[in-house]
Every structure is written in structure tokens, then in C-alpha cells.
Amino acid sequence: MMTLSLRRNVALLLAGALFLTSPLAALAQDAGDAVDTTKQQRRVDARSQDRIDQLDDATREALQAYRAVVWETQQLNVYAEQLQELIDQQGDELDSLQAQLDELQITEREIMPLMLRMVDALERFIALDLPFLQEERSKRVEALRDALGDPSVSVADRYQKVLEAYAKESDYGRGIGHERAEIEGRVHDLLRIGRVALYALSLDGSEVKRWNAQQEAWEALPGHFAPTVRTGLRMSRETIAPELMLLPVQVPVERPEQAQPRAVSLSEEAADGDAEGADDNGEDTP
């Protein structure tokens, strides 16, 4: 009897142990599954966070690129406005240039006859002027005529050459000059006082002459004027400092209202001091 009761108790204990062990095993299994699920979710969350971070970086880069494009667009718009202003100004300049070209064609037709008349007047002036640098001045007039007839020379260059020739002739009247020329078969040194007077001195100093504009011929002067003419030649060559010269000057015969001041500095007292050597024709004034 006792053995049977013991077996029954053991059986009950085993049954209770089995009853208690089954829920614990199930709980352990559930806990392991939960841990695995949590780990897997964490990995998914980590990958999602990586994608979010990547998308955030891409978004920031795209935003920066967008801002850069907007800034560049604004700069280009400002530059385009400036270019448009320049284009408008250049258009106005083109219209102005076209108008000037149209006027230039008319001006060219009118200025050519004017330049021809200017060259003719210059040639006549040289012919009537004191006979100095005749070859040089004649060649200058010939060069002007060649330039006026040369189609490769522009109208502006032609006009400039004409003005330069006039300026050169004008300069002759503002100072003194010298040259060497042959007069009546003898070589003389010529002294020019502006356009007021022209004197000639032979190389040996034995002959002193003055150009008579009214008679268009050379006339002899007394020999005591030779040192003064020689001094003037030295001043013209700039070998000595300028000084006062006393030389006879021919006074043009003009009406009082047409009289012009003489452009040479000479003393009025020379007539008294040199009266014995001056001509008695009433035209010599120192």
C-alpha cells in the first residue's frame, strides 16, 4: 500500500513539474523571438536613419545649388540690363555716325574745290612774296597738288597737309632765317627778317643787297651795312645771342587806313646816323 502511494506522489510531482515547465519554455521562446524582432527593427531603423541623413545632405546641397543659381541669375539679369543700355547707346552712336557720314559726303564735295583754291592762293602768295626758299616752297606746293590728286590720300589727310603748308608759311613771318643762293652769278648768304626785309651778303663781304619788293629786284646797299647783315646771319644760325640790328627797311606805300605795323625791331635814329649811306629815294627807313 505504501509503495503504491509513493508512486502516486511521484507521478503527481512529475505532472506538476511538467505543468510548470511548459509555460516557462513558451515564455523563453517568446522572449527570444522578441529580442530578435527588436534587433531586426533596430537594423531597419538604422538603415532608415542613414537614408534620412543622405536625403538631408542631398537636400542641403540642392538648396545651396538653388541659391547659387538664383544669385547667378540675378547677376546675369543686371549684366543684361547694362548690356542693353550699352546696345541702346551704341545704336544712337551708329545713327549719329550714319548722319555724319551722310554729311561727310556733302562736305567732301564742297571741301575739294576749297582746297584747290587754297593751294592756288598759296602758290600766288609765294610768287608775290620775298624770294626766299623758293625751291623748297615750290616743292611743297607741288606735293600738295600731288596729294589732292592721289585717291589713296583721304580728304582729312589732304586738308591737314594744306593746313600744315599754311602754318609753315605763317611761321616764316615770325622770325629770322638764312640760306645760300646765287644772285647775278655770285653766291650770297641771304638774311630774312620775317617777311619785312630780305638782305644778301656776298661770301667775301664785298656786296650788300636788299630786295626791293616794289621793283621786284635786288638793289645795292652801302658797304657799312655788311657787318650788321653778317651779325644777323650769325643770329639766324644761333651762334650768337639775339641783339638789336640797324638796317634799312622798305616801307610799303599804303593808304593810312591800310597801314600795318612793321614786324621788325629797328631804330628810327638810324636814318640820321646812316643818312650819308642811304639811298635818296625817300623809301629807306631804319
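## A tour from the aromatic pairs to the hairpins

Two aromatic pairs are present in the structure, where rings of Phe, Tyr and Trp (its six-membered ring) pair if their centres lie within 6.5 Å, and planes under 30 degrees apart count as stacked, over 60 as edge-to-face and the rest as tilted. The model is a predicted one, in which local features need pLDDT of at least 70 and side-chain atom pairs count only at pLDDT 80 or more, while totals for chains, interfaces and linings use all residues. Residues are numbered from 1 along each chain as its sequence is written, and side-chain values use heavy atoms, with hydrogens and water left out.

**Stop 1: Phe132 and Tyr172.** Select these two rings, whose centres are 5.2 Å apart and whose planes stand at 90°, so the pair is edge-to-face. Phe132 belongs to the loop between α1 (2-128) and α2 (134-148) and Tyr172 to helix α3 (residues 155-172), so the pair ties together parts that are 40 residues apart in sequence; helices (H or I, at least four residues) and strands (E, at least two) are DSSP runs, numbered from the N terminus. Phe132 and Tyr172 are buried, a word that means under 20% relative accessible area, with exposed over 50% and partly exposed in between (1.4 Å probe, protein chains only).

**Stop 2: helix α2.** Colour the buried residues of α2, which are Arg137, Arg140, Val141, Leu144, Ala147 and Leu148. They cover an arc of only 120° around the axis, which puts them on the same side of α2; the arc is that of the directions from the helix axis to the C-beta atoms. On the face of α2 turned away from its buried side, look for the exposed residues Glu135, Glu142 and Asp146.

**Stop 3: salt bridges.** The whole structure holds 18 salt bridges, each a side-chain nitrogen of Lys or Arg within 4 Å of a carboxyl oxygen of Asp or Glu. Select Asp129 and Arg195, which form a salt bridge with their closest N and O atoms 2.7 Å apart. Asp129 lies in the loop between α1 and α2 and Arg195 in the loop between β2 (186-193) and β3, so the pair ties together parts that are 66 residues apart in sequence. Extending the selection to Glu136, Arg137, Arg140 and Glu169 shows a network of salt bridges that links them with Asp129 and Arg195.

**Stop 4: strand β4.** Move to strand β4 (residues 208-212), where five of its five residues are buried. Val208, Arg210 and Asn212 lie on one side and Lys209 and Trp211 on the other. Three bridges join strand β3 (residues 197-202) to β4, the two running antiparallel, and four bridges join β4 to strand β5 (residues 217-220), again antiparallel; strands pair if DSSP finds at least two bridges between them. Lys209 is the bridge partner of Ala200, and the partner of Lys209 in β5 is Ala220.

In the turn of the hairpin of β3 and β4, Gly205 has a positive phi of about 75°, and in the hairpin of β4 and β5, Glu216 takes a positive phi near 50°.
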